[in-house]
Amino acid sequence: MYNSQSHMLYYFLCNEITEYYCDHLLDMTNLYVIEIEESHITNGNLIDWLHNIEQLKMGYVDEIQETKTFIVSFPPLLNLQSDIDRIEAAEDRDVGEYAAQNWNEFSIYLGGESKFPNLHKQIPYPVDDSSILPFYDLQAFLSSSDNSYLNTINIIGNPFSYPYKAELMDLLYSIPVKKNFYLTASTACRFIKEIQQIDLPNYELYIYYEQEEASIHHILTEKQIPFHWIYLISSEKQYEDLEKLETKYGNEYVEVHPIYTGDNLPFFEENVYLAEEDILQSNYDKQDIFAHQVMNTNFWGRLSVLPDGKVYSNLNHPPLGTLKDRVYDLIVDEMKSKRAWRWIRDEVSPCKDCLFRYLCPSPSNYELVIGKPNLCHVKP
Ligand code: SF4
């Protein structure tokens, strides 16, 4: 049992009697009320169980009196209007009607060189690709009527290596959403001037930290340019360096991304894998738990395009289509496939049989890259 207000979890083993009452509680038609049978009232285990539930404010026990109104409670259920499975089941409705409202983030990968060519499969990082992103297809894709719920565009890579840089900047200027630029430090230095010249509104720079931070940090803070350092960490040896960076500039400027190199699994097991205590400290509220029941909170609402014009919901899976397709069709395909947006712990073993499946964070790219569906110590 989980109290989504106090974030307390009551973890108990069922015996025959408590299991009987749990089954009744889970029956929605009982509206969260169970009647204790007279023969069970003196059962010690049951009394302890009820006492703990009351103590943790997860329920309470009341005596039935004929004159008293019976109290019921609505079990937490998802808003049925938004339940994709119901839309899918209804013959006159299409998941696209619901899905199109949820495309809110688009990542544009520019071609060029990359220091870590496969890292884009884990985190936003430049790809190593000499293709030139077809600008006019991109423009048409972004101008379609399905983008009204878009709130963020990420541009990942070196804008100076893109022949349509000026056109891209004009396009970005014309779309009133937040723009995040992911750049190396040397590119960032050149790019600052450019961005200031056109007076681009609502943007932020994400700069990969590579030891040469001091002068850039000074320029960025002096010019009040919103930015973050992205610190890539793959071993415990880097902690000292990371700590220095955070102490020097403040945590608010540093975003840490663990990276899997293929031979640092012990680092992930020690620092990224979740133990039961971590899960219990996650402090999720009711909304988070609902979200974990139907959507992947890492991927939901996000599409990406690679320099060759192929569009993805997850860069570890095959593309949904290309920039020439209708956004609507790509989203409907994604919603039905459950590849990324609806890839939840209920879909993977051993998570689907785990008590913590709605308390655990949604599956991420790390699971795909490492090749293990559950990065935890609960079910090793
Ligand atoms: S098995 Fe899956 S749901 Fe259970 S704790 Fe591990 S990652 Fe979370």
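Arginine 342 lies in the loop that runs between helix 13 (327-337) and helix 14 (365-370) of this predicted model. With a relative accessible area of 5%, arginine 342 falls under the 20% limit and therefore counts as buried. The ligand sits in the second largest pocket, and helix 14 is one of the elements that supply at least two residues each to the lining of that pocket.

**Arginine 342**
- A polar atom of the arginine 342 side chain lies 2.7 Å from the backbone oxygen of methionine 335.

**Ligand surroundings**
- The residues around the ligand include four cysteines, namely Cys351, Cys354, Cys360 and Cys376.
- Arg345, Arg357 and Lys379 also surround the ligand, as do Ile279, Asn374 and Val378.
- By class, this shell holds six nonpolar residues, one polar residue and three charged residues.

**Second largest pocket**
- At least two lining residues come from each of strand 3 (105-109), strand 4 (152-156), strand 5 (178-184), strand 8 (254-258), strand 9 (302-305) and helix 14.
- The most is given by strand 8, with four residues.

**Asparagine 365**
- The side chain of asparagine 365 makes a polar contact of 3.2 Å with the side chain of asparagine 314.

**Lysine 237**
- Lysine 237 is placed in the loop between strand 7 (227-233) and helix 9 (239-249).
- Lysine 237 counts as exposed because its relative accessibility of 77% is over 50%.
- Along the chain, lysine 237 and asparagine 180 are 57 residues apart, and a distance of 30 Å separates their C-alpha atoms.

Conventions. Residues are numbered from 1 along each chain as its sequence is written. This is a predicted model: local features need pLDDT of at least 70, side-chain atom pairs count only at pLDDT 80 or more; totals for chains, interfaces and linings use all residues. Side-chain values use heavy atoms; hydrogens and water are left out. A residue is near a molecule or strand if one of its heavy atoms lies within 4 Å of it. On a 1 Å grid over the protein atoms alone, a cavity is a set of points where a 1.4 Å probe fits but cannot get out, and a pocket is an open set with protein on both sides within 12 Å along at least five of seven lines; lining residues have an atom within 4 Å of a point. A molecule sits in a cavity or pocket if more than half of its atoms lie within 2 Å of its grid points. Ala, Val, Leu, Ile, Met, Phe, Trp, Tyr, Cys and Pro count as nonpolar, Asp, Glu, Lys and Arg as charged, and the others, Gly among them, as polar. Buried means under 20% relative accessible area, exposed over 50%, partly exposed in between (1.4 Å probe, protein chains only). A polar contact is a pair of N or O atoms within 3.5 Å; within protein, one must be able to donate a hydrogen and the other to accept it, and residues adjacent in sequence count only if both atoms are side-chain atoms.
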